[in-house]
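Subject: Structure handover

Dear colleague,

Here is the structure I said I would pass on. My notes on it follow below.

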Amino acid sequence: MEFAVPAGPSSIAYLDAADPKVAYAACSEDERRILDRINQKVAAAESLEDIMNFVFDAIRPISPCDRVGLAFLEENRARVAAHWARADYEPMLLTKGYAEDLHGSSLETVLERGVPRVINDLDAYLDAHPESRSTRIIVREGVQSSMTCPLIVEGRPVGFLFRSSRLKNAYDEHQVNMQTAIAERLSQAVEKTLRIEQLAAANRAYTETLGFVSHELRSPLAAIVMNAQALTGGYLGPLTDPQRDRIGRMVVKANYLLELIEEFMTLSGLEGGELEACIAADVDFVGTVLNPALDIIEEALKAKRMTLTWNVPKAPVPAACDPRLMKIVVVNLLGNAVKYGDEEGEVRVSATASEAGIEVKVWNSGPGFPETEHHKLFRRFSRVNTPELMKRKGTGIGLFTCWRIIQLHGGRIWADSREGEWAEFTFRLPEPGTKR
């Protein structure tokens, strides 16, 4: 390859770089050492931040380099967004988050051809392309030369590696080959980081949407329940039995939706880090958590004509916990015992305190679950897949929320079952004062 930047106002060249092995062989001893260290850092799964900082620090003494940048492709390759940048000067104006459309830009040609781009006179390039906002910004930083390599993973372009200098005519054939070799080593790490960040962003969006929608639905549903109860209470005149029955069914369904909303809002708070455990010492676990949770579930127990065995100490049982969050756990476990238990079956609740801490068991007669399905418990949106249990409404949120809350308390939660006969859920909290 003969390196030559064309004459004229554009001062831009697209160049076929050497094969990575050939480029590596043509490198100096110091340059090969840098490339080997990059390989080691990527193989050691060091963070992209560490790798890029190493690249910046390592190449500056042996190559014109005042600035290094990294950008990813977005929106089905329609846009490019800056992801990482570092310079040896201030201020740096084009930073992480900056984005531009690819269509019509010289970067689009880099993608189409899969070759590096060199601009050795950015002033001249800007004169020829005054619409290029990114060039205008980087020229304001004092940059005069720019070298860009595509980042390619298994034949798919995922982004760009930029190296820039405040000198004109800074980059030659050897520098292009060196940059291409670096880009080839970074591509896998870049792809991995891109996917992780995309998943994190999607998870944040899901959590925010979950909280917003749940919050917006709760108030109108609560108003529906209140108005329906006013009707059945005769506040607007007498109702016929069929009318009262219909309204009663409406209330049951609306209350079910309110329960789901509470689950989603709790999960949203946990996922978003807004719901944190405010653990207090010596909380009366029976009086503050267990008894109030039973009050909430009692009507559902009666509706299914279930027998309750309440083997709980009458005296206060001290626990180190957040009573508000632990009430959510107990209500969930009691609610599941009723929901998945047999009609006219039995629910047993026991609580014991020992040197290891407080242990609570919630047992119910019913279909239980097979050992092969045990791994699905306590996982987000995961439900035990048996014909009997899938008939009963559920989201897979409740047990995951319980697990998260118990984790926040430094405790443990687990389940046992005999399929077709019973299921039992147990959690243990450390003794007050125990180091978690």
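Of the 436 residues in the protein chain, 46% count as buried (buried is under 20% relative accessible area, exposed is over 50%, and partly exposed lies in between, with a 1.4 Å probe and protein chains only). This is a predicted model, in which local features need pLDDT of at least 70 and side-chain atom pairs count only at pLDDT 80 or more, while totals for chains, interfaces and linings use all residues. Residues are numbered from 1 along each chain as its sequence is written, and side-chain values use heavy atoms, with hydrogens and water left out.

Overall make-up

The protein chain has 12 helices and 14 strands (DSSP runs, H or I of at least four residues for helices and E of at least two for strands, numbered from the N terminus). Among its contacts between residues at least 6 apart in sequence, 67% join residues at least 24 apart; contact means heavy atoms within 4.5 Å.

The sheet

Seven strands make an open sheet with antiparallel pairing, in the order E1-E5-E6-E7-E2-E3-E4 (two strands pair if DSSP finds at least two bridges between them). At the edges are strand E1 (12-14) and strand E4 (99-101), each of which pairs on one side only. From one strand to the next, the twist averages 20 degrees; axes are lines fitted to C-alpha atoms, for helices over the stretch in contact, and angles run from 0 to 180 degrees between N-to-C directions.

Three bridges link strand E3 (residues 79-87) to E4 in the antiparallel sense. Arginine 79 has aspartate 101 in E4 as its bridge partner. Helix H3 (residues 48-59) packs on the sheet, where it touches strand E2 (67-74), E3 and E7, and its direction makes about 60 degrees with that of E3.

Threonine 148 belongs to strand E6 (residues 145-153). This threonine is buried, at a relative accessible area of 0%. Apart from neighbours within four places in sequence, threonine 148 contacts Leu107, Pro116, Arg117, Phe160, Leu161 and Phe162.

Aromatic residues

Phenylalanine 160 and phenylalanine 162 make a tilted pair, 6.1 Å centre to centre with 35 degrees between the planes. Both phenylalanine 160 and phenylalanine 162 are buried. Elsewhere, Phe369, Phe378 and Phe425 form one aromatic cluster.

Charges also sit over rings (NZ of Lys or CZ of Arg within 6 Å of the ring centre and within 35 degrees of the ring normal). Arginine 166 lies over the face of tyrosine 89, 4.2 Å from the ring centre. Arginine 348 has its charged end over the ring of tryptophan 363, at 3.8 Å from the centre.

Salt bridges

The structure holds 20 salt bridges, each a side-chain nitrogen of Lys or Arg within 4 Å of a carboxyl oxygen of Asp or Glu. One of them joins aspartate 123 and lysine 168, at 3.8 Å from N to O. Aspartate 123 is in helix H5 (residues 122-128) and lysine 168 is in the loop between strand E7 (156-165) and helix H7 (173-232), so this pair ties together parts 45 residues apart in sequence. Aspartate 123 is partly exposed at 30% relative accessibility, and lysine 168 is partly exposed at 40%.

Another salt bridge runs between aspartate 241 and arginine 244, with the closest N and O atoms 3.4 Å apart. Both residues lie in helix H8 (residues 241-271), three residues apart, or about one turn of the helix. Aspartate 241 is exposed at 61%, whereas arginine 244 is partly exposed at 35%.

Glutamate 373 and lysine 376 form a salt bridge too, their closest N and O atoms being 3.1 Å apart. Glutamate 373 is buried, at 11% relative accessibility. Salt bridges with shared partners also join Glu359, Lys361, Glu424 and Arg428 into one network.

Helix H12

In helix H12 (residues 398-408), the buried residues are Gly398, Leu399, Phe400, Thr401, Cys402, Ile405 and Ile406.

Regards

Terms used:
Rings of Phe, Tyr and Trp (its six-membered ring) pair if their centres lie within 6.5 Å; planes under 30 degrees apart count as stacked, over 60 as edge-to-face and the rest as tilted.
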